[in-house]
Amino acid sequence: MKEQMVVVLHYVNKMRSVIEWFLGTAHVASATVLSLKYAVKSLLCEHNLSLSWLQGQGYDRANNMQGDI
């Protein structure tokens, strides 16, 4: 069994239109917070995006994503 994560950016542009952009799929070693953070950070770096602008939203009872990193 392999763990995978999909990252989709969801934002509002200057014209107030909602934009969704599929960033990519990443294989993760485990579903721990540090493993997921590393995968997200790697995908953002590939697209020259900063982790400081990130605000997360999780689904599927993502208990491991609760709290601060």
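Which residue takes a positive phi in the hairpin of β1 and β2? In this predicted model, the residue is R16, with a phi near 65 degrees.

## The β-hairpin

Strand β1 covers residues 3-12 and strand β2 covers residues 18-28. The two strands run antiparallel and are joined by 10 bridges. One of these pairings links V12 to its bridge partner V18 in β2. Five residues lie between the strands of the hairpin, and R16, with its positive phi, belongs to this hairpin.

## Helix α1

Helix α1 spans residues 33-46 and contains 14 residues. From first C-alpha to last, α1 reaches 20 Å, close to the 20 Å expected at 1.5 Å a residue. N48, which follows α1, also has a positive phi, near 55 degrees.

The helix carries six named buried positions: S35, L36, A39, V40, L43 and L44. Seen down the axis of α1, these buried residues fall within an arc of 165 degrees, so they line one face of the helix. The face turned away from that buried side carries L34 and Y38, both exposed.

## Packing of the helix against the strands

Against which elements do the buried residues of α1 pack? They pack against β1 and β2.

The largest nonpolar core has 11 residues. Its members are M5, V7, L9, L23, A26, V28, L36, A39, V40, L43 and L44. At least two residues of this core come from each of β1, β2 and α1. Helix α1 supplies the largest share, five residues.

A39 lies in helix α1 and is a member of the largest nonpolar core. A39 counts as buried because its relative accessibility is 8%, where the cut-off for burial is under 20%.

Which residues does A39 touch, not counting residues up to four places away in sequence? The contacts of A39 are M5, A26 and V28.

A39 and V6 are 33 residues apart in sequence, and their C-alpha atoms are 9.8 Å apart in space.

Definitions and conventions. Residues numbered from 1 in each chain as written. Predicted model: local features only at pLDDT ≥ 70, side-chain atom pairs only at ≥ 80, totals over all residues. Heavy atoms only, no water. Pairing = 2+ DSSP bridges. Helix = DSSP H or I, 4+ residues; strand = E, 2+ residues; numbered from the N terminus. Expected span 1.5 Å × (residues − 1). Buried < 20%, exposed > 50% of the residue type's maximum accessible area, 1.4 Å probe, protein only. Arc of directions from axis to C-beta. Contact = heavy atoms within 4.5 Å. Core = buried A, V, L, I, M, F, W, Y, C linked by side-chain atoms within 4.5 Å.
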